[in-house]
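Welcome, and thank you for stopping by. Let us walk through this structure together, one part at a time.

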Amino acid sequence: QRFPPAPQILGPILEGIRYESEDTPIDQMFSELLSRAADSARVNEAHPAFPLLIRQLSADEARILKSLGSASYAYTDSMDYNAATHVFSNHTILKDELPRSGLQFPENVNFYIEHLDQLGLAQLIGVGNQKPLFADASSPHLQTGVERHFSYQLTEVGRRFLTACMP
């Protein structure tokens, strides 16, 4: 079922893999995409944009995508609210279940997620409604903050990308 891959996929793969060390997540993604592009039964999974997307990823971002391929992860934060100025401040992370083991730079996760969102591959999506926080029972109408719930998830494009590029 092997046949020559389309030049618009093969060329960018060869160009990208040329600068990548062997056995890195990025190298593996290029190799997997090349296998798809040369397989008549799965060539439909190899989109010409995918080599360009792989080239924009860090190894840590590839690892995050792989994690998101098998699960979604909860994220909860809160912010204080100043009723006088109508401003939210003091962002606090209450829960972040995204796995960081195996990441070279786990402190960059926020940047990685923003980058993956800009590429249209993954996102932090709101789950349910925001929960207003109040000072105490004696002041039930004085909002002092908000709690928000999210989930790290692949987009539909991210799922297709992962199917084509991850072993």
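At roughly what angle do the axes of helix 4 and helix 5 cross? In this predicted model, the two axes cross at roughly 75° and come within 10 Å. Angles of 65 to 115 degrees count as roughly perpendicular, and helix 4 and helix 5 are therefore roughly perpendicular to each other. On the helix 4 side, the residues that meet helix 5 are Asp60, Glu61, Ile64 and Leu65. Their partners in helix 5 are Tyr112, Ile113, His115 and Leu116. Sorted by class, this contact has five nonpolar residues, one polar residue and two charged residues.

With that pair in view, let us step back to the whole chain. The protein has six helices and five strands, and along the sequence they follow the pattern α-α-α-α-β-β-α-β-β-β-α. Its radius of gyration is 21 Å, well over the 15 Å that the globule rule gives for 167 residues, so the protein is more spread out than a compact globule. The C-alpha atoms fill a box of roughly 75 × 30 × 25 Å along the principal axes. Of the 167 residues, 35% are buried. Among contacts with a separation of 6 or more, 67% are between residues 24 or more positions apart.

Now back to helix 5, which spans residues 109–118. Which of its residues are buried? They are Val109, Tyr112, Ile113, His115 and Leu116. These residues cover an arc of only 160° around the axis, which puts them on the same side of helix 5. After helix 5 comes Gly120, with a positive phi near 80°.

Helix 6, residues 156–165, can be read in a similar way. Its buried residues are Gly158, Phe161, Leu162, Ala164 and Cys165. They cover an arc of only 165° around the axis, which puts them on the same side of helix 6. The face turned away from this buried side carries Glu156 and Arg160, both exposed. As for what the buried residues pack against, the partners are helix 2 (25–37), helix 3 (50–55), helix 4 and strand 5.

Leu65, Lys66, Leu68 and Gly69 in helix 4 meet Arg159, Phe161 and Leu162 in helix 6. By class, this contact has four nonpolar, one polar and two charged residues. Leu65 is listed in the contact with helix 5 and also in the contact with helix 6.

Our last stop is Phe134, in strand 4 (residues 131–134). Is Phe134 buried or partly exposed? Its relative accessible area is 41%, which makes Phe134 partly exposed. Thr144 lies 10 residues away along the chain, yet the C-alpha atoms of Phe134 and Thr144 are separated by 5.1 Å. Leaving aside neighbours within four places in sequence, Phe134 is in contact with Ser139, Pro140, His141, Leu142, Gln143 and Thr144.

Conventions
Residues numbered from 1 in each chain as written. Predicted model: local features only at pLDDT ≥ 70, side-chain atom pairs only at ≥ 80, totals over all residues. Heavy atoms only, no water. Buried < 20%, exposed > 50% of the residue type's maximum accessible area, 1.4 Å probe, protein only. Helix = DSSP H or I, 4+ residues; strand = E, 2+ residues; numbered from the N terminus. Arc of directions from axis to C-beta. Axes fitted to C-alpha atoms, helices over the stretch in contact; angles between N-to-C directions. Parallel < 35°, antiparallel > 145°, perpendicular 65-115°, else oblique. Contact = heavy atoms within 4.5 Å. Nonpolar A, V, L, I, M, F, W, Y, C, P; charged D, E, K, R; others polar. Rg over C-alpha atoms; globule rule 2.2 N^0.38 Å.
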